[in-house]
Amino acid sequence: MQLTISKEDYLKAIAEADSEEGGVIAATIARWLGVTPPAVALALRRLRRDKLVEIDRKGRIWLTEAGRAITDKLRFRHHLVERLLHEMLGMEWYKVHEEAERLEHSISEDLERRLIERLGPNGACPHGNQINKSAAQRSKLGLRRLWEAQPGSSLAVNGIDERDRKLLEYFDAVGIRPGVKVKILRRNYDGTLTLRLRKEEPRAAKSAGHAAQSLNLGKGAAQKVWVAGWLGKTGKRLGASPSGTATLRNSACRMSHHTSPRAINGA
């Protein structure tokens, strides 16, 4: 079996779409990759021939064990490249995903080993996301989408879905980054959340307290943000691993700070 970049892209799209949305069908892949339905049909025939995917009678697509092994490897390398670009080369966190999409296919076994030696095998990516963690796995860890939070909740941004570059740039501009603390002030009639952000300041400025700003966020954007913390008056604790929390805090301190308040009503 010849494993091409195109096959890797299709397999990775299936894995990522299943992780974020669940229930992958051909139309999901077409939307995810921005390709035509005939192109998806041809790719799926080849992947089935190579025993990398299975498709049931309802058209739902699943990765086989062999297909999952390929995507796990590719997504791990993507994760390492993002960390390389951000932690070692200083690239902005909202830019690294697109660069990693191009570079992940070219990582050799030797380079992967050296990156693991330098960066470690674990740790969150610049967007706060752990390696190969699905939405279901995050929920089991006690994390929730920001949109699910109720007024009065005090939360910390744990991770952000990374595919939408423009949304990531917006988040960076208003100060929504991994490690930033958020308080839900209210749900508005227009379907937005009003948030107050409490951002970490450099040590020299800590005596003056924390900078805080308020903004409105729509459902489409709030669904892209994963949070941990206290859920309003219920007292329910949302979890995050200690190592992940430390990584996010360090990542947030490295990121540049912008303070212009804006509003967004969707993704």
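Of the 267 residues in the protein chain, 45% count as buried. Keep in mind that this is a predicted model. The chain carries ten helices and nine strands. Take the contacts between residues at least 6 apart in sequence: 67% of them join residues at least 24 apart.

**Where two helices cross**

- Helix H1 covers residues 5–20 and helix H4 covers residues 65–88; their axes come within 9 Å of each other and cross at roughly 85°.
- That angle makes H1 roughly perpendicular to H4, because anything from 65 to 115 degrees falls in that class.
- On the H1 side, the contact is made by Glu8, Leu11, Lys12, Ala15, Glu16, Asp18 and Ser19.
- H4 answers with Arg68, Ile70, Thr71, Leu74, Arg75 and His78.
- Sorted by class, the contact of H1 with H4 has six charged residues, alongside four nonpolar and three polar ones.

**A pair of strands**

- Strand S4 runs over residues 154–160 and is mostly covered, with five of its seven residues buried.
- Its partner here is strand S5, residues 181–187, and the two pair in the antiparallel sense over three bridges.

**Aromatic pairs**

- Search the whole structure and you get two aromatic pairs.
- One of them is Trp93 with Tyr94, with ring centres 6.4 Å apart and 80° between the planes.
- That pair counts as edge-to-face, because its planes are over 60 degrees apart.
- Both of these residues are tucked away: Trp93 is buried, with a relative accessible area of 2%, and Tyr94 is buried too, at 16%.
- Tyr94 still makes the buried class because the limit is under 20% relative accessible area, and its value is 16%.
- Then there's Tyr170 with Phe171, at 6.1 Å centre to centre and 50° between the planes, which is a tilted pair.
- Tyr170 and Phe171 are buried as well.

Conventions. Residues numbered from 1 in each chain as written. Predicted model: local features only at pLDDT ≥ 70, side-chain atom pairs only at ≥ 80, totals over all residues. Heavy atoms only, no water. Buried < 20%, exposed > 50% of the residue type's maximum accessible area, 1.4 Å probe, protein only. Helix = DSSP H or I, 4+ residues; strand = E, 2+ residues; numbered from the N terminus. Pairing = 2+ DSSP bridges. Axes fitted to C-alpha atoms, helices over the stretch in contact; angles between N-to-C directions. Parallel < 35°, antiparallel > 145°, perpendicular 65-115°, else oblique. Contact = heavy atoms within 4.5 Å. Nonpolar A, V, L, I, M, F, W, Y, C, P; charged D, E, K, R; others polar. Phe/Tyr/Trp six-rings, centres within 6.5 Å; stacked < 30°, edge-to-face > 60°.
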